[in-house]
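Hi everyone, thanks for making time. I'd like to walk you through a structure that may be new to you, so please have a look at it with me.

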Amino acid sequence: MPIALYPGTFDPVHYGHIDIATRASALFDRLIIAIYDSPVNKRVLFPTEERVALMEKAVCHLPNVEVVSYNGLTVHFARQVGAHVIVRGLRTLADFEFEFQLAMTNQKLAPEIDMVTLVTRSEYAYLSASILKEVAGLGGDISEMTPPHVQEALRRRFAELGSPPGRQVPKARLRDQRKPGLELPHTSGGR
Ligand code: ADP
């Protein structure tokens, strides 16, 4: 069975991501979770090393999964690590349009690499890292969205930023980062 790459920003990891990683790890011999590390056009709450550490802890029960960070085109990184498949999660129709375009472009760039999309479980269909951060920043209950160590990291991070629950983080304090998956200059938008 081939090696699969699961790329994303994972800022931070939540149960929707963990579910996709768990299911993909059962489908492939090895799953490499690749955390995108380029501060262009997308604001991130957590530095790369912390996003990697939070993800490592979240998937430490999955023996065939490793977590790394990367830069540049996702298909180039996939080739570099010998991955034959790129795994993505699918939530909504909007996700589909974006993922379809991404898959077509990746096919042009690296026809030997296939993209496999796993449909989210219904309980996570609403969940994104942005929603998680927004609820956490406003002091809401995030216990059904992300594991305890990530909940704690969010509390700590918002406290560091001087944004206790109930106040939003000033946008200027978040670093910039682009959406992963393709990493071409024209794919800077989110979904
Ligand atoms: P988010 O969309 O939560 O900010 P990323 O952009 O880092 O996360 O997403 C990385 C991958 O995980 C993408 O393929 C995305 O579609 C998938 N994903 C994100 N949230 C979910 C979810 N709730 N269910 C299934 N897949 C998801």
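Let's start with this: of the 16 residues around the ligand, which come nearest? They are Gly8, Gly16, Gly89, Thr120 and Ala129, where a residue is near a molecule if its C-beta atom, placed from the backbone, lies within 6 Å of it. H1, strand S4 (85-90) and helix H5 (129-137) are the elements that give two or more residues to this shell. H1 has the largest share, with 3 residues. By class, the shell has 5 nonpolar, 8 polar and 3 charged residues. Here Ala, Val, Leu, Ile, Met, Phe, Trp, Tyr, Cys and Pro count as nonpolar, Asp, Glu, Lys and Arg as charged, and the others, Gly among them, as polar.

A word on what you are looking at. This is a predicted model, in which local features need pLDDT of at least 70 and side-chain atom pairs count only at pLDDT 80 or more, while totals for chains, interfaces and linings use all residues. Residues are numbered from 1 along each chain as its sequence is written.

Now the overall layout. The protein has 6 helices and 5 strands, taken as DSSP runs numbered from the N terminus (helices are H or I, at least four residues; strands are E, at least two). From the N terminus on, they run β-α-β-α-β-α-β-α-β-α-α. Of the 191 residues, 36% are buried, meaning that 20 or more other C-beta atoms lie within 10 Å of the residue's own, with C-beta atoms placed from the backbone.

Next, please find helix H2, residues 48-58. Which of its residues are buried? Thr48, Arg51, Val52, Leu54, Met55 and Ala58. They sit on the same side of H2, because they cover an arc of only 165° around the axis, counted from the directions from the helix axis to the C-beta atoms. These buried residues pack against helix H1 (15-27), strand S2 (30-36), strand S3 (65-70) and helix H6 (148-160).

Finally, the loop between strand S1 (3-8) and H1, where we find Pro12. A cis peptide bond joins Asp11 to Pro12, with omega about -5°. Phe10 is in the loop between S1 and H1 too, and its phi is near 50°, a positive value in a residue other than glycine. Is Phe10 buried or exposed? Phe10 counts as buried, because it has 26 C-beta neighbours inside 10 Å.

Terms used:
Buried ≥ 20, exposed ≤ 12 C-beta atoms within 10 Å, placed from the backbone. Contact = placed C-beta atoms within 7 Å.
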